[in-house]
Amino acid sequence: MTTVIAFVVALGLLIAIHEYGHYRMALACGVKVLRFSIGFGKPLFTWRRPGSPTEFVIGALPLGGYVRMLDEREAPVDAAERHLAFNTQPLRSRAAIVAAGPLANLALAVLLYALVNWWGVQEPEPVLAKPVAGSMAERAGLTGGEWVGRISAGEGDDVEVRSFEDLRWRLTQAALYGEDIVLSLGRPEQGVPRQVRLPLSGLDVKEADATMYQRIGIVAPWSAPEIGQVMADGAASRAGLQPGDIVRRVNGQRISDGQQLRQLIRESVGTEGQPVSQRWEVLRAGQVLTLDVTPMPEQRDGTWGGRVGAYVGAMPAMITVQHGPWDGLARAVDRTWEVSWLTLKMMGRMLIGEASIKNISGPLTIAEYAGKSASMGLTQYVVFLALISVSLGVLNLLPLPVLDGGHLMYYLWEGLTGRAVSDVWLDRLQRGGVAILMALMAVALFNDVARLAG
């Protein structure tokens, strides 16, 4: 139920803001608006404000919306109201009305990111867990426990790292852009920081997935190798592990943090899924115990890995990331721009085959993440809304004929040539745009089903 409510609220809010942008700009340009609809199909609710010509509607299918304006191309217009019709407006007004929808979504994203910055959010400290064995981070000399204070990518691009989530975002950007980065390690009070270079340009990644982070080697913040909740019928319970146990060694190898322990558990099975016993040395109430643990084999995406049926690793140390009014707003603008640019870059890379089309998500994935973010709290849900709002704004600015960007493309042609696109070409372009959009929707739904089935 949480997933359904979170998805409906997200979809309704983002559609309403998008259409409200069109609506308010139309009124500002002197255009008569006949209907403002959230959703398609049979109207469930309708109302009209006193003295307003606009009918407000909630439709039965909440997968979009529209603003219907007075327009001679759709129906005859009385001569006395011709100046109120959309098609009679100057080019700049028509372009502004069309662009206002996507821009409203981007403005909403700025506001939502700003709210999170002003409220403050609890995030893991930027302390690195032991890097994945054989990864780029391990080859660069990282051992775990390092505090990342700053990160730089390219000349002059040097930013402070406030939390592990901040670091993860910067790593994702750099990896997808193919940029090398330099990590400055050490807390501010520790003097001159040590610098470590990660050559991310050599990864040649096509999507930001778990494999990418494994190759980089930075997958989680540092946490103590402590056992949390233990499932009744799991391998941990059968071995005698209890909540609060601190794991010191596995098969004689010293354990420094929870991430290293999780990695050893995953690697504990044979190539064909055979269970392999491990000897764990744990500290419990001041006493050292030796236990034989046999992780249960589990296959994911064609690869075998082990599970012990327990929460492995203590909660990482947290830090409150909060910003003042102007700094919070400036960072919100920066984050909206960064997400927008990253979205465009990924779309461009998918178009030329440099990125996987698996990055395209549909309504099922959006609904799943809406529910997950809502269950994590208001702040995470607001961040999710901001991300989807950016995606919606950027998507609608693409030059596809059925989208707002397609109409802006028509107006650009009109501005350059002095004449509107002919009806024949409008029909051809609309048909082509519908075909492309349907293909994208099919890919998105296929990816959704594949993710849920996996």
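Start by selecting D245, in the loop between α6 (235-239) and β9 (246-250); helices (H or I, at least four residues) and strands (E, at least two) are DSSP runs, numbered from the N terminus. You are looking at a predicted model, in which local features need pLDDT of at least 70, side-chain atom pairs count only at pLDDT 80 or more, and totals for chains, interfaces and linings use all residues. Residues are numbered from 1 along each chain as its sequence is written, and side-chain values use heavy atoms, with hydrogens and water left out.

Is D245 buried or exposed? D245 has a relative accessible area of 1%, so it counts as buried (under 20%; exposed is over 50%, partly exposed in between, with a 1.4 Å probe and protein chains only). Now show the R284 side chain: the D245 side chain makes a polar contact with it at 2.8 Å. That term means a pair of N or O atoms within 3.5 Å; within protein, one must be able to donate a hydrogen and the other to accept it, and residues adjacent in sequence count only if both atoms are side-chain atoms. Beyond four places in sequence, D245 touches P225, E226, I227, G240, V282, L283 and R284 (heavy atoms within 4.5 Å).

Next, select helix α7, residues 258-266. Because 7 of its 9 residues are buried, α7 is largely enclosed by the rest of the structure. Colour the buried ones: G258, Q259, Q260, L261, Q263, L264 and I265.

Move on to A153, in the loop between β4 and β5 (158-160). A153 is buried, at 14% relative accessible area. Leaving out neighbours within four places in sequence, A153 is in contact with E179, D180 and I181.

Last stop: the second largest pocket, with a volume of about 240 Å³. Of its 14 lining residues, select D157, R170, Q173, Y177 and E179, the closest to its centre. On a 1 Å grid over the protein atoms alone, a pocket is an open set of points where a 1.4 Å probe fits, with protein on both sides within 12 Å along at least five of seven lines; lining residues have an atom within 4 Å of a point. Which element gives the most to this lining? That is α4, with 4 residues.

Methods. Grid points are joined across faces, edges and corners, and a volume is the space filled by probe spheres set on the points.
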